[in-house]
Amino acid sequence: MDKNPPKEKPWQAVRTEAVESLLVELGVIDSARVDEIVRHYEEKVGPKGGARVVARAWVDPDFKQRLLADGLAACAELGLGGPETEKLHVVENSATVHNAVVCTLCSCYPWPILGVPPAWYKSSAYRSRMVREPRALLGEMGLTLDPSVEVRVWDSVSEIRYLVLPERPAGTESCSEEQLAALVTRDSMIGVAKVTV
Amino acid sequence: MNGIHDMGGLHGFGPVIREEDEPVFHSYWESRVFCITQVLDTKEIWNLDEHRHEIELMPTADYLTAGYYGRWLFAMERLLDRKDIVRAPEVQRRVDEMQSGASITAPDLQGRGWPLAEESKVRWGAWRHDQSVSPRFAAGDRVRVRNIHPAGHTRVTAYARDKVGVVDRVNAEAWVFPDTRAHYRGENLQPVYGVRLAATDLWGPQAEADAWVYIDLSEDHLEPA
């Protein structure tokens, strides 16, 4: 992250600085608290949390059952949870069904499980196209689905959040849970990629 | 409201560009906007739905050029001004002073909407309440998404309106109805339904084969089909 922005600041940077300084002087916020939250999102949460959930579901069928029944409760078993996620539905990919998640109205995303969303997830192109032409878009993004596979796009416009449980790749039978977690990418948990070895 | 934020199905935005090794925040100001908002969300100043609606009210051209966190900044400034906590002219004066190197005018702490009066405090989140609801629809029911075009906030996407689908999942908890809470017209607690819509019903002859959209809708957005 650029903590020493160049002299020509974008207008957003200038206005943000003005608003923050006023909020601090008025006693509305404390900048140290803001710093803490920045560190939380930069260092503590992120797709590694979701990857642990996926890996556990791959190796522990009972956990997977609990995860599919109540995503948030199962994630809490691994110490994951927090603001912006009231209920979590986990949708499972298989040889016959492929799931992918979008929010066409804004950028709803399971922050406590995957961190803040990547820029492309919030982009106009993704939000506009994913519901209308998921096969074409996934193909452009490098994931070509067989015509026999049903595509399900979850437009998460309510307060319910979604996590895709990707398929466990072949050839990972001898992998430990930790090794499996290292294979799981953020994009596979949004449903725009598969997990590969 | 029918606005640019309701993007499902639009053409013309080109390819999806993915960045390798994308940082959590691309710049210092983005991290500040996001995290200041997180702090303000805990201060009982606004609720989530009015925050979202404020972003929707951004002029279309600005919405498309300000960047994701630029929209959040816009909403923050507008809400703080509307609640008389930080006034728009104060922000502009501070910007001008910072840019010209002039001495900084301290804000007057008196006579403004901060600290919040007890009756002005609102709950930001709490989308769900611990009380029972009686769902009108059950899984497997055919439902039509209401064809409504309210000028205010709504979570019914334009592409889904007037379409018929099947209830896939009943979220039988007491969820706040964003369309009314955004405007302080009540929480109207109700179930939220996952509705399965066929791509062919949404997009007609341009639909892809064997594709389905699942969308979560409040009970008030659905009627029997």
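**Figure 1. The surroundings of Lys83(B).** Setting aside neighbours within four places in sequence, Lys83(B) is in contact with Ile45(B) and Gly113(B). Contact means that the C-beta atoms of two residues, placed from the backbone, lie within 7 Å. This is a predicted model, in which local features need pLDDT of at least 70, side-chain atom pairs count only at pLDDT 80 or more, and totals for chains, interfaces and linings use all residues. Residues are numbered from 1 along each chain as its sequence is written, while chains are lettered from A and ligands numbered from 1 in the order in which they are written. Lys83(B) sits in the loop between α4 (68-82) and α5 (88-100) of chain B. Helices (H or I, at least four residues) and strands (E, at least two) are DSSP runs, numbered from the N terminus. Is Lys83(B) exposed or partly exposed? Lys83(B) has 18 C-beta neighbours inside 10 Å, so it counts as partly exposed. Trp114(B) is 31 residues away from Lys83(B) along the chain, yet their C-alpha atoms are separated by 8.7 Å.

**Figure 2. Helix α4(B) and its cover.** α4(B) is mostly covered, with 11 of its 15 residues buried. Among the buried residues are Tyr68(B), Tyr69(B), Trp72(B), Phe74(B) and Leu80(B). Arg71(B) and Glu77(B) are also on the buried list. What covers them? The cover of the buried residues includes α1 of chain A, together with α1 (28-40), α2 (48-56), α3 (60-65) and α5 of chain B. The length of the helix fits expectation too: at 1.5 Å a residue, the 15 residues of α4(B) should span 21 Å, and the end C-alpha atoms are 21 Å apart. The expected span is 1.5 Å times one less than the number of residues. Just after α4(B), Asp84(B) takes a positive phi of about 60°.

**Figure 3. Backbone exceptions in the loops of chain B.** Most residues other than glycine have a negative phi, and most peptide bonds are trans. Trp114(B) and Pro115(B) are joined by a cis peptide bond, with omega about -5°. Pro115(B) lies in the loop between α5 and β1 (128-129) of chain B. Asp162(B) is not glycine but has a positive phi, near 70°. Its loop runs between β2 (142-145) and β3 (164-175) of chain B. Asp162(B) counts as exposed because 9 C-beta neighbours lie inside 10 Å. Asp210(B) also has a positive phi, near 50°. It belongs to the loop between α7 (199-203) and β5 of chain B. Asp210(B) has 17 C-beta neighbours inside 10 Å, so it counts as partly exposed.

**Figure 4. Where chain A meets chain B.** In this interface, 64 residues of chain A are in contact with 67 residues of chain B. On the chain A side, α1 (11-25), α2 (31-44), α7 (124-129), α8 (134-140) and β3 (150-155) each supply at least two residues. Which element gives the most? α1(A) does, with 13 residues. By class, the chain A side has 33 nonpolar, 11 polar and 20 charged residues. Here Ala, Val, Leu, Ile, Met, Phe, Trp, Tyr, Cys and Pro count as nonpolar, Asp, Glu, Lys and Arg as charged, and the others, Gly among them, as polar. Strands pair if DSSP finds at least two bridges between them. Val151(A) has Ala211(B) as its bridge partner in β5(B).

**Figure 5. The enclosed strand β4(A).** Six of the six residues of β4 (residues 160-165) of chain A are buried, so the strand is largely enclosed by the rest of the structure. In a regular strand the side chains alternate between the two faces of the sheet. Both faces of β4(A) are covered. Ile160(A), Tyr162(A) and Val164(A) are buried on one side, and Arg161(A), Leu163(A) and Leu165(A) on the other. β4(A) pairs with β1 (residues 87-92) of chain A in the parallel sense over six bridges. Val90(A) stands opposite Leu163(A).

How values were computed. Buried ≥ 20, exposed ≤ 12 C-beta atoms within 10 Å, placed from the backbone.
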